[in-house]
Amino acid sequence: MQITRTTPVPMSDVRGWSAETDVLIVGHGCAGASAAIEAARAGAEVLVVEAAGGWGGATAMSGGEIYLGGGTPVQIACGVHDTPEAMYDFLQMATGPGPDEEKLAAYCEGSLEHFDWLVGCGVPFGAGLWTEPSWEAPTGYGLMYTGGENAHPFADRVPAAPRGHIVHMEDKRPGERSAGWMLMKHLAATAERSGASVRYGVRTERLVVDGDRVVGAETVTFGERAFLRARRGVVLAAGGFGADQRMLAQHSPRLSRNRLVGTDHDDGGAIRMGQAAGAAVRHMDAGQVAFPADPALLFRSVLLDAHGRRFINEDTYPGRVGQAALFRQDRQVFLLYDEAINEEVERTAGRPVEPTWVSDDLAELEDLAGIASGVLSDTVEMYNAHAGKGEDPLFHKSARWLRPLAPPYGMLDLRNTPFGIFTLGGLHTSVRGEVLGVDGDPIPGLFAAGRTTAGIPSWGYCSGTSLGDGTFFGRRAGRNAAAV
Ligand SMILES: Cc1cc2nc3c(=O)[nH]c(=O)nc-3n(C[C@H](O)[C@H](O)[C@H](O)COP(=O)(O)OP(=O)(O)OC[C@H]3O[C@@H](n4cnc5c(N)ncnc54)[C@H](O)[C@@H]3O)c2cc1C
């Protein structure tokens with residue numbers, strides 16, 4: 001594999017700048033676009049350089065769920081009561097261990113203003129609360145639970161409020177016409193209207209430094225190298241590192257050999273550039289892990305480890321289940337359900353699921369799955385005994401999803417199924433978007449946002465926190481770079 005060098009270029013080696021600007025932004029996804037808007041509005045000359053042929057990155061592929069709360073107009077219209085304090089308490093539990101409490105506090109306190117800011121950029125939000133288990137809501141809905149707020153263990157500790165705000169996209173189809181594309185369309189248009197210039201097909205490979213200060217970047221366009229000067233600051237907003245198997249193997253081996261939810265440009269280049277300039281990193285082992293079965297099936301089924309035992313309540317956020325299945329069970333999991341569940345999934349989600357094995361006999365399924373004799377039967381016996389009373393003393397699954405299983409059973413073997421992943425770790429930044437060095441001080445002239453950084457989803461994840469912190473802290477990075 002060819003490794004691009006990331007050691008910063010000393011300014012004394014630069015023979016001439018091909019362009020100069022106040023703020024140079026690397027990457028035109030949600031974080032870069034938000035930084036561009038705020039830097040330009042602060043009066044700075046802004047240049048965005050994007051490696052791909054157009055704006056968007058992973059943002060334009062995304063479901064367009066943005067984690068916002070504290071009593072937004074969408075929440076109020078849906079009859080949801082929420083406060084910044086409840087949002088903080090929830091996120092502190094759900095995104096840990098090791099959340100950045102200063103960032104969390106800023107994010108929760110600023111959430112209402114950030115909603116208004118997005119609306120001010122033209123971003124349309126849907127209306128109506130969607131409560132069915134799914135990754136995305138159908139067109140038209142504006143709000144859903146996206147972090148297990150209404151499930152054990154969080155619902156027992158903090159008043160539950162849905163905070164996944166969904167960008168409205170007519171006739172949306174995951175992967176083809178996504179709500180994330182609609183978000184990006186408005187952010188990119190606002191950035192240009194605010195005066196930011198954009199160049200596509202320009203890949204940034206190294207930072208340029210004057211002493212310990214970052215003063216520009218070296219870029220490559222169709223093989224041609226150039227130096228761009230940033231008089232005030234460089235903002236790295238170039239996504240995560242899920243496309244780089246070498247970095248995955250180094251920092252989070254369990255995330256490797258899965259399916260990237262992102263783009264080829266999530267190659268960690270910006271993180272390495274920051275590190276090479278002295279930046280600290282955080283939570284490099286963390287990742288969002290999509291459980292590879294329809295949430296409508298997962299919530300109703302019994303999820304088993306390799307030994308035929310349950311290990312989590314199936315009705316929590318499917319990304320939390322995904323993390324538990326990947327990081328704690330090494331993907332060695334099975335899903336057990338019955339015909340009634342499959343019919344219900346077909347009725348509500350329109351997608352019946354073909355099991356790997358079908359049998360009336362749990363002993364036969366034990367045999368097929370390599371589970372020790374009697375364990376699966378014990379698991380089902382206990383589950384059924386309590387489910388009949390609407391109880392789950394082991395994992396506290398909600399009564400809404402509890403029903404005794406009956407033969408014929410279907411069992412889905414997920415042991416060889418790749419999970420959808422993206423990385424959450426990255427450069428350590430301050431609440432102002434400054435990149436912090438290994439000794440904790442800001443690196444002069446260097447800012448970052450989005451999945452290039454460790455942000456609100458520090459280890460645990462809730463859908464919407466990536467677009468949420470990318471836009472929120474992207475704004476701050478842009479504003480503070482402009483203020484240098
Ligand atoms: C299918 C899917 C659904 C998702 N749904 C949601 C959701 O509903 N809610 C949510 O919060 N998150 C969701 N995510 C995750 C979320 O989309 C991303 O984590 C988020 O968009 C990252 O934003 P970003 O600005 O950091 O990176 P990106 O949007 O990826 O933008 C980074 C940009 O930098 C460019 N770039 C990379 N390297 C360089 C370089 N060296 N030089 C120049 N440019 C470079 C890239 O081409 C890219 O355009 C989803 C992701 C996918 C793929």
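Predicted model: local features only at pLDDT ≥ 70, side-chain atom pairs only at ≥ 80, totals over all residues.
Local features need pLDDT of at least 70 and side-chain atom pairs count only at pLDDT 80 or more, while totals for chains, interfaces and linings use all residues. Residues are numbered from 1 along each chain as its sequence is written, and side-chain values use heavy atoms, without hydrogens and water.

Helices (H or I, at least four residues) and strands (E, at least two) are DSSP runs, numbered from the N terminus. Two strands pair if DSSP finds at least two bridges between them. β14 and β19 (residues 420-423) run antiparallel and are joined by 4 bridges. Within this pair, Q288 has F422 of β19 as its bridge partner.

Helix α14 (residues 465-482) and helix α1 (residues 30-41) have axes that come within 7 Å and cross at roughly 35°. Axes are lines fitted to C-alpha atoms over the stretch in contact, with angles from 0 to 180 degrees between N-to-C directions. Contact (heavy atoms within 4.5 Å) involves C30, A31, S34, A35, E38 and A39 of α1, and residues of α14 including G470, G474 and G478.

α14 has 18 residues and spans 25 Å from first to last C-alpha, close to the 26 Å expected (1.5 Å times one less than its number of residues).
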